[in-house]
Amino acid sequence: MKLAKKEYLSLYETMVRIRTFEESGRRLMLEGKLGGFLHLYSGEEAIASGVCSELTDEDCICSTHRGHGHIIAKGGSIPKMMAELYGKDTGYSQGKSGSMHIADISIGIIGANGIVGACIPIANGVAFALRYKKKDAVAVAFFGDGSTNRGTFHEALNLASAWKLPVVFVCENNGFGMSTPPTRSTNNKNLSERAVAYNIPGVTVDGNDPVAVKEAFAKAVKRAKKGDGPSLVECLTWRHHGHYIGDPALYKDPKDQKKWLSEEVDPIPRFEARLQKEKIATAKELSAIKAKAEEEVQAAIEFAEASPDPEPETMFEHVYAD
Ligand SMILES: Cc1ncc(C[n+]2csc(CCOP(=O)(O)OP(=O)(O)O)c2C)c(N)n1
């Protein structure tokens with residue numbers, strides 16, 4: 001897949017914005033400024049960037065507990081997400097949901113979700129609605145390797161195939177479901193093989209290469225929009241940190257950890273090297289993008305810190321529909 005310079009830089013910028021947000025979140029939590037749980041997306045940025053670069057505001061994504069990257073790549077607001085992590089009134093859910101329930105329906109972010117595998121059938125419902133409303137749009141479900149062992153995954157793939165729903169299933173295989181690698185929980189070499197059971201295409205791609213992800217995902221979108229039904233795209237990647245902040249990840253082999261965090265494998269330095277080698281961008285252009293992301297996240301932190309806490313009397317708002 002050959003892209004215009006603007007497109008390559010946009011993929012890079014999205015990855016950098018995600019990494020900057022995540023690493024700042026990590027620092028803030030370790031400093032005791034954020035509460036709750038944070039499941040970081042560092043290391044997996046190429047997937048959200050590649051996928052969301054093929055989507056418009058009409059297309060919808062259903063996300064997971066590890067959702068910040070998806071939200072940023074789909075155009076979500078970094079200040080509102082940061083304020084939500086701070087539990088502030090200006091956050092996406094007025095500070096009442098935290099990291100795992102962020103949604104922005106106006107731009108197709110149906111929601112992060114703390115229940116593993118729950119977003120997969122939800123994406124089917126969204127896809128059904130998009131088709132019913134005759135929209136030229138798709139629904140995307142992001143989920144981890146561990147989620148493919150849940151019944152929701154199998155039920156959703158079966159129904160999506162039977163009804164030829166315009167949905168794409170994106171499995172982010174980051175090597176672990178909490179501490180368990182897929183080799184200990186399934187007998188499939190590639191999780192994309194599971195698509196065979198539902199008679200839909202299944203591919204495994206390099207999930208640390210945003211262009212490879214974009215290319216595979218674009219094919220799946222084309223098929224979905226033509227009315228031919230869903231596809232399963234498995235993206236191989238690695239989460240840089242523990243399952244959540246606080247998990248020391250002692251179950252990781254240090255050799256694997258070193259390899260995946262190396263400049264040759266980490267999606268960001270790897271893409272930087274490619275962009276420079278292929279003379280698509282200079283080191284100066286790339287550092288300017290990094291500096292802009294730092295400024296953006298810093299401004300979001302200042303916005304969040306200056307924002308008010310929610311009023312106690314609003315505690316029961318948004319619990320039930322009026
Ligand atoms: C139904 C359900 N079971 C268990 C959990 C606890 N849990 C939270 S994340 C997680 C692992 C998910 O692994 P995976 O789907 O591979 O996603 P990853 O965390 O690797 O991104 C588990 C078991 C949960 N939140 N929901």
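The shell around the ligand is made up of four nonpolar, eight polar and three charged residues. In that tally Ala, Val, Leu, Ile, Met, Phe, Trp, Tyr, Cys and Pro count as nonpolar, Asp, Glu, Lys and Arg as charged, and the others, Gly among them, as polar. This is a predicted model, where local features need pLDDT of at least 70 and side-chain atom pairs count only at pLDDT 80 or more, while totals for chains, interfaces and linings use all residues. Residues are numbered from 1 along each chain as its sequence is written, and side-chain values use heavy atoms, with hydrogens and water left out.

Back to the ligand. Of the 15 residues around it, the nearest are His-65, Arg-66, Gly-146, Ser-147 and Phe-176; a residue is near if one of its heavy atoms lies within 4 Å of the molecule.

| Backbone atom in | Ligand atom | Distance |
|---|---|---|
| Gly-146 | oxygen | 2.7 Å |
| Phe-176 | oxygen | 2.8 Å |
| Val-116 | nitrogen | 3.1 Å |

On its own the ligand exposes 580 Å², and the protein buries 73% of that; the areas are Shrake-Rupley values with a 1.4 Å probe.

Now for the rings. Rings of Phe, Tyr and Trp (its six-membered ring) pair if their centres lie within 6.5 Å, with planes under 30 degrees apart called stacked, over 60 edge-to-face and the rest tilted. By this rule there are eight aromatic pairs. Take Tyr-8 and Phe-271: their ring centres are 6.4 Å apart with the planes at 45 degrees, so this pair is tilted. Tyr-8 sits in helix H1 (residues 5–30) and Phe-271 in helix H10 (residues 267–277), so the pair ties together parts 263 residues apart in sequence. Helices here are DSSP runs (H or I, at least four residues), numbered from the N terminus. Tyr-8 is buried at 3% relative accessibility, and Phe-271 is buried with a relative accessible area of 3%; buried means under 20%, exposed over 50% and partly exposed in between, with a 1.4 Å probe and protein chains only.

What about the cysteines? A disulfide needs a pair of cysteine sulfur atoms within 2.5 Å, and the count by this rule is zero. The sulfur of Cys-62 has its closest cysteine sulfur in Cys-119, 6.1 Å away, which is too far for a bond. Cys-62 is buried at 1% relative accessible area, and Cys-119 is buried at 4%.

Methods
Helix = DSSP H or I, 4+ residues; strand = E, 2+ residues; numbered from the N terminus. Polar contact = N/O pair within 3.5 Å; in protein donor to acceptor, adjacent residues only side chain to side chain.
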